[in-house]
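Reader: Please take me through the terms used for this model, and say what each one rests on.

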Amino acid sequence: MLLRRQAFDDVGGFDEGYFMYFEEIDLCLRLARGDWAVAYDPGAEVWHTVGGSTRSAPFRKVWNHHRSALRFYCRRYRRDPRLALAPLVAAFLGLRGGVSLARTAIARATGGPDAS
């Protein structure tokens, strides 16, 4: 991600309420709302060790991802009637997270492809 320091400062930088996940999406949304141009370059590539920061704690990864998704939803629609759907979104994310945790637990127990 590349951005002007002024743009970053104008929107208050990253929201420290996100532990992991969605912080860059939140920042880009606030930049766009603040009349800063936001562009995506599909030709840009980044390589990193897949899951390197969460491999040893997949349950925490799932929890943080879904918690951040709900936080983003609530912030995104805070002044919109769709905020009323937040309990439904939370229930869906809880169900989705439960399925993901169960899949991870089964994979760990059987040595399957999602074991890491």
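Reader: Which residues line the largest cavity, and what makes it a cavity?

Author: D26, L29, R30, R33, F72, R75, R76 and R78 line the largest cavity. It is called a cavity because, on a 1 Å grid over the protein atoms alone, it is a set of points where a 1.4 Å probe fits but cannot get out, and lining residues have an atom within 4 Å of a point. This is a predicted model, in which local features need pLDDT of at least 70 and side-chain atom pairs 80 or more, while totals for chains, interfaces and linings use all residues. Residues are numbered from 1 along each chain, and side-chain values use heavy atoms, without hydrogens and water.

Reader: What is the volume of the largest cavity, and which elements give two or more residues to its lining?

Author: The volume is about 50 Å³, meaning the space filled by probe spheres set on grid points joined across faces, edges and corners. The structure holds one cavity of 30 Å³ or more. Helix 2 and helix 3 each give two or more residues to the lining, and helix 2 gives the most, with four. Helices here are DSSP runs of H or I with at least four residues, numbered from the N terminus.

Reader: How does the lining of the largest cavity divide by class?

Author: Its lining has two nonpolar, no polar and six charged residues. Asp, Glu, Lys and Arg count as charged, Ala, Val, Leu, Ile, Met, Phe, Trp, Tyr, Cys and Pro as nonpolar, and the others, Gly among them, as polar.

Reader: Why are helix 2 and helix 3 called roughly parallel?

Author: The axes of helix 2 (residues 23-33) and helix 3 (residues 58-76) cross at roughly 15 degrees and come within 11 Å. Angles under 35 degrees count as roughly parallel and those over 145 as roughly antiparallel, so helix 2 and helix 3 fall in the parallel class. The contact, meaning heavy atoms within 4.5 Å, is made by I25, D26, L29, R30 and R33 of helix 2 and F72, R75 and R76 of helix 3. These residues divide into three nonpolar, no polar and five charged.

Reader: What puts helix 3 and helix 4 in the antiparallel class?

Author: Their axes come within 10 Å and cross at roughly 165 degrees, helix 4 being residues 86-110. That makes helix 3 roughly antiparallel to helix 4. Among the residues that meet are F59, V62 and Y73 in helix 3 and V89, L93 and L101 in helix 4. By class, this contact has 13 nonpolar, five polar and two charged residues.

Reader: Which residues lie nearest the centre of the largest pocket?

Author: M1, L2, A39, Y40 and D41 do, out of 16 lining residues. The volume of the largest pocket is about 500 Å³. It is a pocket because it is an open set with protein on both sides within 12 Å along at least five of seven lines. Its lining divides into 13 nonpolar, no polar and three charged residues.

Key. Axes fitted to C-alpha atoms, helices over the stretch in contact; angles between N-to-C directions. Parallel < 35°, antiparallel > 145°, perpendicular 65-115°, else oblique.
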